[in-house]
Amino acid sequence: MKKLINDPQAVVKETIEGFGWAHADIVSVSIDPDFVSRAGGAVAGKVGLVSGGGSGHEPLHAGFVGVGMLDAAVPGAVFTSPTPDQIAPAFAAANGGAGVLAIVKNYTGDVLNFETAVELAEADDIEVATVIVNDDVAVEDSLYTAGRRGVAGTVLVEKIAGASAERGDDLAAVTAIAQRVNTNAKSMGVALTACIVPHAGEPSFDLPEDEIEIGIGIHGEPGRRRIPLASADDITEMLLTPVADDLALAAGEDVLLFVNGMGGTPASELYIVYRQARKLLEARGVKVTRSLVGNYVTSLEMQGASVTVLRLDSELTALWDAPVHTAALRW
Amino acid sequence: MKKLINDPQAVVKETIEGFGWAHADIVSVSIDPDFVSRAGGAVAGKVGLVSGGGSGHEPLHAGFVGVGMLDAAVPGAVFTSPTPDQIAPAFAAANGGAGVLAIVKNYTGDVLNFETAVELAEADDIEVATVIVNDDVAVEDSLYTAGRRGVAGTVLVEKIAGASAERGDDLAAVTAIAQRVNTNAKSMGVALTACIVPHAGEPSFDLPEDEIEIGIGIHGEPGRRRIPLASADDITEMLLTPVADDLALAAGEDVLLFVNGMGGTPASELYIVYRQARKLLEARGVKVTRSLVGNYVTSLEMQGASVTVLRLDSELTALWDAPVHTAALRW
Amino acid sequence: MTVDVAWAIGWTRATAERVIARRAELNGLDRQIGDGDHGENLARGFTAVVARLDALEEEPAAIGDVLKLIATTLMSTVGGAAGPLYGTAYLRAAKVTGSPTLDSRAVVAMLEAGLEGIVARGKATTGEKTMVDAWAPAVEAAVAATDAGAEPAAVLAAAATAAEAGVAATIPLVATKGRASYLGERSAGHQDPGATSTAIVLRAAADAAVDVVTQSRA
Amino acid sequence: MTVDVAWAIGWTRATAERVIARRAELNGLDRQIGDGDHGENLARGFTAVVARLDALEEEPAAIGDVLKLIATTLMSTVGGAAGPLYGTAYLRAAKVTGSPTLDSRAVVAMLEAGLEGIVARGKATTGEKTMVDAWAPAVEAAVAATDAGAEPAAVLAAAATAAEAGVAATIPLVATKGRASYLGERSAGHQDPGATSTAIVLRAAADAAVDVVTQSRA
Ligand SMILES: Nc1ncnc2c1ncn2[C@@H]1O[C@H](COP(=O)(O)OP(=O)(O)O)[C@@H](O)[C@H]1O
Ligand SMILES: Nc1ncnc2c1ncn2[C@@H]1O[C@H](COP(=O)(O)OP(=O)(O)O)[C@@H](O)[C@H]1O
Ligand SMILES: [Mg+2]
Ligand SMILES: [Mg+2]
Ligand SMILES: [Mg+2]
Ligand SMILES: [Mg+2]
């Protein structure tokens, strides 16, 4: 295992410490319990947004703390959801008196730990609503699974709900917006290589030189199926088609197209995927009116990408365009 | 070789095509000759900034085209400098009548091809000044080499010279600012893994699991020496010390600290490097007043990082802070 | 015969030793059908448990006090699915073990409460390839042993043996709960890490009871 | 005896065939001490050269016309260090070959002009582990052969042989120009890719002259 780390157990603390120093104008960092919140503290009267989950997906979530997006982010150990005693203080730090929206990716661990934290927060009279993000269409039959996973679509939920909170919407309204984004965003990913969790020291799975995993999540786990390596155009079609079908996209609709890198894939390849995904959408008569391309929800150094499509309406578009000032997303 | 590409020979064209679609509000893309320029065309009366070089370093350079930074970027084949017949039209596209500054990384190929393009442009009455970026302190004795290489410091030159041009400085002044940044910026890099050039299909060098290359450039070439894998803190010290020494940093000085990822290294590791580099600078009494952490000058999927320090004065700080609106750098 | 607070402490320390010793094995199982952190999670949690045990100024009065310490520590240090699941199991078990000693019926009640906690939180039933597939047969075997008049040490041994059989039985299963369920059919053929750690926990309980018995006889 | 325009075209096509065939080898050499693209660069350039040759409506009148076509094509398609260096070499060579045929002295003048072009652009002298280490001995050998009364084909063969010896002699050198110089001492022990391609170019010239001679005798 080759990594620019010191002690594998110290990776998360050292990362958020460095992150806090580098972005002191945007965030403030708490160590023990570990969480990241806005530099200025909670905004009075504004709904607070909190997300969190295992580390290893950087810039998610800490990179999205700041004006127009999250109020606090709670990093767990690598690929392990944070504990209630980290999450509850983050709720408190984010609460400006108008309640808190917790944005939780749909994994058993995240859901259970956030659930407990919500109980703790409510005991302290902080109102917390929860939106579970489950945009991954790779998980087809949610009857026989823990339900669809939350993957790259999480960024879109955080950005747009963040803008909703920033313009003064109340907790119910922000929650409804977040839910609307989640309902209208679908994703599917591919891995070309595995990743190596620092404490494990070994690749998360073995993948021969000529095979790839389709339908992966974001935790270095194998995907739904293994197929021979194919061209970027063909792979992109395998990702885009189930996403577009699941959304039942119709000609004439506007969408946001988000090509997300898993961490180890060069930007050039993401643009090649974007190019083909866009062509395929246009062939369906769908108009790409907003775009995002880059490493936003990663799996450490994994090579691969995911394609997310969000169906836009004029309100979601305006909220997407609203100013945002975080370490990883800014305009 | 596992990559999200189609035809290896088409990588650059497909990348900039996708890039152009994704960022149509910022850039416009020319194919044959291949170059990227600002969406609105040249800005009348403003000095035009053009940079370029081999592809594979994304987001450098196309990701830095936009208000406050470059007017045009010229991508060559992967790791191969562009040709004069691409560069000269880019000069023309960037020229708003106040002349053009060419920002060239110090590689024989880049220097020679830009030289020829400058001759072509001058034949068309476009005034072109050139700044050669050579911030890499790994190349110690420039008497016995082609001189120090241009590496991550290039981004800082492009950003700050871009702000100088944007505020209305004339060609001589913009050139002087670019030169000042280059003189005061030094870098050193490390590779944990090699990268794979698409047309080659094989790693650029073989590196055992327990060794790393110190003093690498940005073209997948081996570095100055090979050493055993060490902790992030120790590696960072090996990078930061020659940089700080070469700059002869004195206590009390302000600097910008830039930790650049080579493409395949997770953001978390870059922040761990940043953390230690910052500690080491502070131990010298040097104050880090500005920071940049991320993948800005990459070598495809190479794992590794470089540390760049730029000595700041109030003018350079103000120019750094000036608004910028490009695909990869925005505030 | 009963088990006492010393047993509970011995059980806890043995569990910690064993999950730490088998951390890599548990990570490895989790890497195959999950995200490779189960051993890491439990090792982190039980390391913290032992540190808190060591820091206690006086011996806990009731077995439930030990179990509650474990519960709160796991909840605040483990994270993941295992943190809340084990945390709730120990918390529910603590609620029914507020005495200094437990006889066989009380041991069964403790195990039942643990299982109920896991089911309450995780909503899994047997056959879903989770820790329930070790806990449920363990509880059943404990009931049967108690009904047959076994002492606590034998009850715990029966539970552990049944849990171990349950672990083996998870191998062919297709997961429908937890992270492994995302693999669909591909989850079959692998042993569930959470069931495996459950068997470790229960075997530690049985062995600690033997140790205590051996010591009290010596 | 002289070489003519047909020879120049044969030379060009042979060069293209050979750099394309040896693309991987040249990339491999460049990967060891450079950035692994030298074969790719020349293959791309000479593929374009052949395409432009094929598109010509009439046969060029002078050898210099062929060389100029190569020069401008390489400059606009190769990039890297090799593009301007070879481009300038062919451009300078074109300037002294404005006639339909060349005798031995004129062949020497062509080679000298090529070398001058490379040195003018790249500022390298012999011993710096660059293509100059193949070009310079080639020019020397061509002069000697011509002084000894050799025909153009033999002059070119002498140049190619000397270039090949020059290539081998680059192996122990420490590079002080070009990308390989960044490796310092580590560049020793590897053969220079640019020198290698130079030997390919010159051997193609010699072989094309033999082919032409053979054909004209047939
Ligand atoms: N809903 C559930 N009910 C019971 N046990 C579960 C459930 N979901 C997961 N588990 C157990 O948790 C184990 C995984 O724990 P761990 O790896 O620590 O958490 P995570 O899956 O969050 O990484 C699984 O092997 C399984 O036994
Ligand atoms: N200054 C120079 N003078 C002469 N030849 C040079 C010089 N610099 C580099 N070369 C030659 O160029 C070759 C590399 O060409 P190529 O790989 O195509 O370009 P790049 O180094 O830009 O990738 C080297 O092997 C060397 O022979
Ligand atoms: Mg986990
Ligand atoms: Mg090159
Ligand atoms: Mg796990
Ligand atoms: Mg090269």
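# Exercises on metal sites and a cavity

Asp37(C) has a relative accessible area of 5% and is therefore buried (buried means under 20% relative accessible area, exposed over 50%, partly exposed in between, with a 1.4 Å probe and protein chains only). The model is predicted, so local features need pLDDT of at least 70 and side-chain atom pairs pLDDT 80 or more, while totals for chains, interfaces and linings use all residues. Residues are numbered from 1 along each chain as its sequence is written, chains are lettered from A and ligands numbered from 1 in the order in which they are written, and side-chain values use heavy atoms, with hydrogens and water left out.

**Exercise 1.** Which protein donors hold the magnesium ion (ligand 3)?

Step 1. Donors are N, O and S atoms within 2.8 Å of the metal (3.2 Å for Na, K and Ca); water is not among the atoms, so sites may look incomplete.

Step 2. Chain A supplies Phe79(A) through O, and chain C supplies Asp35(C) and Asp37(C) through OD, at 2.1 to 2.5 Å from the ion.

Step 3. Asp35(C) also bridges to the magnesium ion (ligand 5), which lies 3.5 Å from ligand 3. Asp35(C) is buried, its relative accessible area being 5%.

**Exercise 2.** Describe the largest cavity and its lining.

Step 1. On a 1 Å grid over the protein atoms alone, a cavity is a set of points where a 1.4 Å probe fits but cannot get out; lining residues have an atom within 4 Å of a point.

Step 2. The whole structure holds 6 cavities of 30 Å³ or more. The largest has about 490 Å³ of space, a volume being the space filled by probe spheres set on the points, which are joined across faces, edges and corners.

Step 3. Its lining has 30 residues, and those closest to the centre are Ala81(D), Ala82(D), Leu85(D), Gly178(D) and Arg179(D).

Step 4. By class, the lining divides into 13 nonpolar, 10 polar and 7 charged residues (Ala, Val, Leu, Ile, Met, Phe, Trp, Tyr, Cys and Pro count as nonpolar, Asp, Glu, Lys and Arg as charged, the others, Gly among them, as polar).

Terms used: On a 1 Å grid over the protein atoms alone, a cavity is a set of points where a 1.4 Å probe fits but cannot get out, and a pocket is an open set with protein on both sides within 12 Å along at least five of seven lines; lining residues have an atom within 4 Å of a point.
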